[in-house]
Amino acid sequence: MPEMPEVETVRRGLIDLVKNKTISSIEMRYPAIINGDKKEFSDILVGAKIIDIRRRAKFLIFDFDNNYSMLSHLRMEGKYQVRDNVEDFDKHVHIIFKFSDGDMLGYRDVRKFGRMQLFKTDEIFNSKSLTKLGPEPLSTEFTFDNIYPRIIKRKKSIKAVLLDQNVISGLGNIYVDEVLWMSKIHPETIANKLTKADIQNIIKASNEEIKKAIEAGGTTIRSYVDSKGNSGTFQFGLNAYDQEGNPCKRCGTTIEKIKVSGRGTHFCPNCQKVVE
Ligand SMILES: [Zn+2]
């Protein structure tokens with residue numbers, strides 16, 4: 001599943017390729033990707049120009065010059081591709097935005113879980129998908145005063161709490177393992193047992209991890225490739241995730257893999273001890 005840094009990498013790549021392009025037609029090979037009325041979607045977007053692409057957590061927001069915006073969630077495997085020949089899109093490309101200059105933006109999604117939906121631009125942040133999201137790393141809302149109360153009242157494992165996008169958004173399985181390793185916190189620690197210093201460490205580590213991952217272009221775990229065909233390089237910087245059997249880079253103890261709330265979880269049993 002693409003994590004937030006990969007979606008940010010996609011955004012940065014796509015903006016260069018499609019900004020200021022005007023949609024001349026939309027081919028819907030699998031219309032169910034689009035939420036809501038398909039004809040209205042097409043009527044509103046044909047003739048509209050892409051003026052920006054923003055991101056919130058793992059959502060992309062395509063802004064058009066007619067005061068409409070398209071919310072796009074890639075879910076498990078969604079990808080965007082820019083081509084100038086429709087033959088270059090394979091059978092997994094379900095929606096094709098054709099531009100007036102001959103370029104095309106295709107949405108490819110083997111599992112067909114991704115969704116797109118149109119909103120008025122000034123109403124998009126009131127949409128159900130976005131209002132419930134917690135603050136995300138590197139944003140101005142990602143402060144101790146905002147994050148501490150969201151974590152400290154939870155009676156679930158810190159791993160489960162950090163994965164909950166309504167508490168903090170933008171941290172998926174890879175980065176939660178990395179953040180907890182950096183913060184020296186056992187993933188099964190119940191969130192309400194954490195100290196203020198622990199939560200300060202989580203905030204600091206989250207910012208650092210996400211910044212590092214975005215700078216590196218996202219991870220290539222699951223052979224991730226961005227819209228230009230470049231693959232990410234952050235896999236080499238992982239300290240905990242996917243490292244089971246390898247020595248901890250801090251203390252040399254073997255990294256272990258366990259299941260926490262149903263997710264594969266990697267940690268150092270020496271650096272990250274459970275708080276009773
Ligand atoms: Zn260690």
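**Entry 1: conventions**

I take a contact to mean heavy atoms within 4.5 Å, and I read helices (H or I, at least four residues) and strands (E, at least two) as DSSP runs numbered from the N terminus. I note that this is a predicted model, in which local features need pLDDT of at least 70 and side-chain atom pairs count only at pLDDT 80 or more, while totals for chains, interfaces and linings use all residues. Residues are numbered from 1 along each chain as its sequence is written, and side-chain values use heavy atoms, with hydrogens and water left out.

**Entry 2: the chain as a whole**

I looked up the secondary structure of the protein chain and found 7 helices and 10 strands. Along its principal axes, the C-alpha trace spans about 60 × 35 × 30 Å. For the radius of gyration, taken over C-alpha atoms, I used the globule rule of 2.2 Å times the number of residues to the power 0.38; a compact globule of 276 residues would come near 19 Å, and the 20 Å of the protein chain agrees with that.

I then turned to burial, where buried means under 20% relative accessible area, exposed over 50%, and partly exposed in between (1.4 Å probe, protein chains only). By this rule 51% of the 276 residues are buried. The accessible surface, by the Shrake-Rupley method with a 1.4 Å probe, is about 12,600 Å², and carbon and sulfur atoms supply 46% of it. Among contacts with a separation of 6 or more, 62% join residues 24 or more positions apart.

For charges, I counted Lys and Arg as positive and Asp and Glu as negative, leaving out His and the chain ends, and placed each charge at NZ of Lys, CZ of Arg, CG of Asp or CD of Glu. The protein chain carries 44 positive and 37 negative side chains, and the centres of these two sets are 5 Å apart.

**Entry 3: helix H6**

How many of the 11 residues of helix H6 are buried? I find 10 of them buried, so this helix, residues 173–183, is largely enclosed by the rest of the structure. The buried residues of H6 include Tyr-175, Asp-177, Glu-178 and Trp-181. As for their neighbours, the buried residues of H6 pack against helix H1 (4–18), helix H5 (158–163), helix H7 and strand E10 (263–267). After H6 comes Lys-184, and I note its positive phi, near 55°.

Arg-12, for its part, sits in helix H1 and is partly exposed, at 45% relative accessible area. Between the C-alpha atoms of Arg-12 and Gly-217 I read 9.6 Å, across 205 residues of chain.

**Entry 4: aromatic pairs**

Rings of Phe, Tyr and Trp (its six-membered ring) pair if their centres lie within 6.5 Å, with planes under 30 degrees apart counted as stacked, over 60 as edge-to-face and the rest as tilted. I find 4 such pairs in the structure. In one of them, the ring centres of Phe-41 and Phe-97 are 6.3 Å apart with planes at 45°, so I log the pair as tilted. Because Phe-41 lies in helix H2 (residues 38–45) and Phe-97 in strand E6 (residues 93–99), the pair ties together parts 56 residues apart in sequence. Phe-41 is buried at 2% relative accessibility, and Phe-97 is buried at 2%.

The rings of Tyr-80 and Tyr-107 have centres 5.2 Å apart and planes at 55°, so this pair is tilted. Tyr-80 belongs to strand E5 (residues 79–83) and Tyr-107 to strand E7 (residues 104–108), so the pair links parts 27 residues apart in sequence. Tyr-80 is buried at 3%, Tyr-107 at 1%. Together with Phe-62, Tyr-80 and Tyr-107 form one aromatic cluster.

**Entry 5: positive phi in loops**

Most residues other than glycine have a negative phi. I therefore logged Asn-67, a residue other than glycine with a positive phi near 70°, together with its exposed state at 56% relative accessibility. Asn-67 is in the loop between strand E3 (59–64) and strand E4 (68–73). Where is Ser-261 placed? I find Ser-261 in the loop between strand E9 (256–260) and E10, with phi again positive, near 40°, and with an exposed relative accessible area of 51%.
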